[in-house]
Amino acid sequence: MEQSAYHIIPNTEALVEVVLPLALGQTFTYYIPEELVDQLKFGIRVEVQFGRSKHYTALVVGFPEHKPGMVKPKPILSVIDETAIIEKQQFKLWQWMAEYYCCTIGEVMQAALPANLKLASETVLTLSPLFDEGFGELEDKEYLIAEALTIQNEISIDDVRGILGHKTVYPLIRSMLDKKIIYLKEDLKTKYKPKQVICVRLQEPYATQPKLLDEAFAKLERSDRQVEALMAYIQMSKQQEFVRQQDIIKRVNADHSVIKAMVKKGVLETYDREVSRLGNYEEDTVTADTLADQQIEALTSIREQLEEKNVVLLHGVTGSGKTRVYVELMREAMARGEQVLYLLPEIALTTQLIERLQRLFGDEIIVYHSRLSNNERVELWNQVLEGKPILMGARSSLFLPFQKLGLIVVDEEHDASFKQQDPNPRYSGRDTAIYLAHLHGAKVILGTATPSVESYQNAKNGKYGLTEMPERFGGLQLPEVIVVDAKEELKKRKLQSHFTSVLIEELKATLERGEQAILFQNRRGYAPTYRCNNCGWHAECIHCDVSLTHHKFHKNLKCHYCGYQTALPPACPACGGKQLTLQGFGTEKIEDELKIYLPSAKIGRMDLDTVRTKNAHAKIINDFEERRLDILVGTQMVTKGLDFENVAIVGVLSADQLLQFPDFRSSERGFQLMVQVSGRAGRKHRRGKVIIQAFNTSSPVLREVIANDFTGFFTREMSERHAFKYPPYYRLIRITLKHKKPQTLNDAGKLFARYLKGKLGDWAQGPAVPYISRVRTYYLLDFMVKIERHPKKITFTKEAIMDAIDELHNQKGLSGVRVNVDVDPF
C-alpha cells in the first residue's frame, strides 16, 4: 500500500492514507487537490477536516489506489511540512505496538509525537516570552495573530481561523512555532535552571597578590593535609577556569574539615558556581578510565556473543563498572557511523549519568524525557532526525526518528518504570526497545545488577547472550548486610519510633566519621492512615476507595491516586470522638522524627512530593553529592543507579512492606529494591553496611539478599512461578472495566465474562473486584487471562478480547463502559 517517500502521485483521483492522533482503530483516506499532489510524500503532516468541523494534524502513511467503500473522501486542506518528520521504520514500530498491546494506531501516534507536531482545533496558543514585540519584522498574518495575543493572552487555533478568515492555518502556526513567536499554552513551564556546585578560590590578599602565598603556606604548616590541599588548588587553578571543592578533596584524599579549616584561617573561600545542564557542553571532555580486567573480559564476551545473538544480558553486581563497558560499546558504534540509544527507567537517573557521559562525549550526546517543554522536544526530535550520535532518555525516547540506529543500551532493565501504565499504549520500554532494534538491525545490551526473571530465563535458555561481572570495580567488597529483628527490639523496648537501636547507633557513628547515609522507605507522605480509636473510622478519599495520607508539611490529608485533598478533621465525623491517631509511616515522617534522634544532621528527602518540578530532583542529588546533606531519605528513587562516594550506611526501614504486597512479583521486586539500594553503600573507599529492619526475618528473600544470591533467588522463584502458572512460563493479559455506576459496571462484567469465557474457556478468570475497587470516581472490575507461550494462542486470545470489547460496546447502555487492556502487566 505504501509507496516511496518521494513518489509523485498521479493527478487523477489521487488518494492519501493518513493517521489521526485519536483513539480510532483505523487509518483514513482523503483525496489530494491537484495543486498539492507534488508536495505529498510519506511521513509529512497535512491538515484535514474530521467530522463536521474539527481540524487535525494528520500524518501521511500511504497512497491507496482505490477509494474505500461508497463514501466520497474529503480533501486535504493543506500540507504542513516540506520534509518527513517520521521514517517508515517508525511507523512499522507504531503498527507493531498497536497490534501487540491491543490499542489503536492513533493512540500510539498521540504518545509518539511531541504536542507541537500534532495540533488540533482546540489547541491553545500564547505569545512566546522570548518575543520582544518586534512587530515590524512580522509578515501580515503573523502580525494579526501576535497582536491578538497581546490583547487576549491566549487564543485557540479555531480563533486563528476566525481572525484570518482562512480554514487552512496550520502551515502558518508551524512557522510561528518554529520562529518562537508563539508557544503552546502548556509550554510555559519552568525551564532548566543551572546546576550549582561548591567551588573554592583564594581569599584576599592572596587572590590578587600571588607573591604573598608563602604567608598562606606558613599559616597551614602544622597540617600536612592543608598544605597538600593548597598545592592541589594552585595546580588545578592553572589548568581550569574554576576549582570544585570536591575535586580538591578527592585529589588529597581528605574530608570537608580540611577546607573548612583553611577558610577559617583566611586562605581559601568557598562559593557557589552555576554549571549548565542543558544545551551545549562547555567544559573540556575527558578520557575514560582505563579498563579493568573484568571489564575487558566482559567486552570480549559481549562482542563474541553479538556475532550470533541480537540481545546480550550484562549481569553485573552494583559498582562493578557496567557503565564503562557501555561507553566502550557506544564508542565502537559511533566509529561505525551508527546512532546509540541509552535507555533509563526514570529521569531521576539521568542527572549523574548524563553529566558523566557528557564529560566523555561532549556535544555528541543529548537527553530526551517527558519533562522537556514541547519546543525542547521538537528541537531534540530534529537533532535525532539529523543523525545525532547518542540519545539518552526514558521510555518515550523509543519514538524518536532514528536514522542509523546501531546499538540500544537498556540500563536497569528490570525496572518497573519501563512499563507504561496509563494511558494507551501500555507498553514495556525494554520489550519495545528489542523490537525497535530488530527493525533497524541493531544490537541490544540489557544491563542490571538484578535481572528480571524473564530476561534471565531468556539468557539461560540461549535466546539472549549472557555476560556476568561478579566483582566490584577496584576489588571493593560488596556491603555487609545486617537484618535487624524489629519485633524483638519492640519486645525489649529498644525500638525508637520506627528506628531500631542498631540503625540509630550506626547512623551516629557514620555522622561522626563525616560520612553520609541513605534511608529507604517505599511510601511517601507522613502517615498513610488517620484513624479514630473509638469507632474505627478512618479518612478515605471521596473519589477512590483508598485511605487518605497525612502530609504534615501541607497540614492536610491527600489521596495519592486522584490528588483529592482535605483538612484534618478536629473530631471523628462518625462518632464525634477526639481520639484520632496517625498510623503507619512514610518518608516525610522519617525525615521529621530523625531530627529528634540526630538533631545536628542535615537531612534531605527525595520522593514524588519533593521532585515535582523539573529541577528539584537534580538539586537534591547535587546537594547530597556536594555534601550539603548528611542523610537522604527517599522512596525507590534512591535505589536507581545513583553513585555517591561518601555513603557508608544504607537503611531499609520496612522490608515487610516490600515482601507482603498482594502481587506475584512482590518477592522479585523486594529482592531487586533491597539489592539495588544496598549497592549505594561503600562504592569508593571502604566497605559499606546495609541495615534491613523487618518484623518477619524468616523470609527466604532476606536470606538471599544477605548473601547477594541471585541464582538461589532465581531458582526458587522460577519453581513457584511454574507451579502457579505465572510468567515467564505463561503470558498474562489484564482487562479492567470502568464505570461511574456500579450496577452498570456489574452488568457489563457479566456480559463481558460470558462472551470472553465462551471463546477462551478456563484461560479467562474473573470478573474480580481489585484491591482498590474505585479510582477517580470510576468503579473497577478486573479480568485476567493466562495463556501458554504459543504465538497462535496469543493471537487468538487478543482477537477474542477485542471482539468482546466490540460486543460490549454494541449493547444498549454499555457503550460508556471503559475497557483497558494491559498486555504483560507489570
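This is a predicted model: local features need pLDDT of at least 70, side-chain atom pairs count only at pLDDT 80 or more; totals for chains, interfaces and linings use all residues.
Strand S1 (residues 15-19) and S2 run antiparallel and are joined by four bridges. Here strands (E, at least two residues) and helices (H or I, at least four) are DSSP runs, numbered from the N terminus. Residues are numbered from 1 along each chain as its sequence is written, and side-chain values use heavy atoms, with hydrogens and water left out.

S1 and S2 belong to an open sheet of five strands, ordered S2-S1-S4-S3-S5, with antiparallel pairing. Strands count as paired if DSSP finds at least two bridges between them. Strand S2 (28-31) and strand S5 (78-79) are the edges, each pairing on one side only.

Now turn to helix H4 (residues 157-164). Its buried residues are Ile157, Val160, Arg161 and Leu164. Buried means under 20% relative accessible area, exposed over 50%, and partly exposed in between (1.4 Å probe, protein chains only). These four residues lie on the same side of H4, because they cover an arc of only 100° around the axis. That arc is taken from the directions from the helix axis to the C-beta atoms. The buried residues pack against several elements, including strand S3 (45-50), strand S4 (54-62) and helix H3 (140-152). Contact here means heavy atoms within 4.5 Å. Gly165 follows H4, with a positive phi near 70°.

Seven strands form an open sheet in the order S14-S15-S13-S16-S17-S12-S18, and the pairing is parallel. Its edge strands are S14 (365-368) and S18 (465-469). Within the sheet, strand S13 (residues 339-343) and strand S16 (residues 405-411) run parallel and share five bridges. Gln339 has Leu405 in S16 as its bridge partner.

What about the interior? The largest nonpolar core has 117 residues, of which Trp94, Met674, Ile735 and Leu737 touch the most other members. Such a core is a set of buried Ala, Val, Leu, Ile, Met, Phe, Trp, Tyr and Cys residues joined through side-chain atoms within 4.5 Å. Beyond its neighbours within four places in sequence, Trp94 contacts residues including Leu59, Ile105, Met109 and Phe399. A second, separate core of 28 residues includes Val340, Tyr342, Leu360 and Val367.

Finally, look at helix H18 (residues 587-597). Its buried residues include Ile590 and Leu594, along with Lys589 and Glu593. Among the elements covering them are helix H17 (501-512) and strand S20 (516-520).
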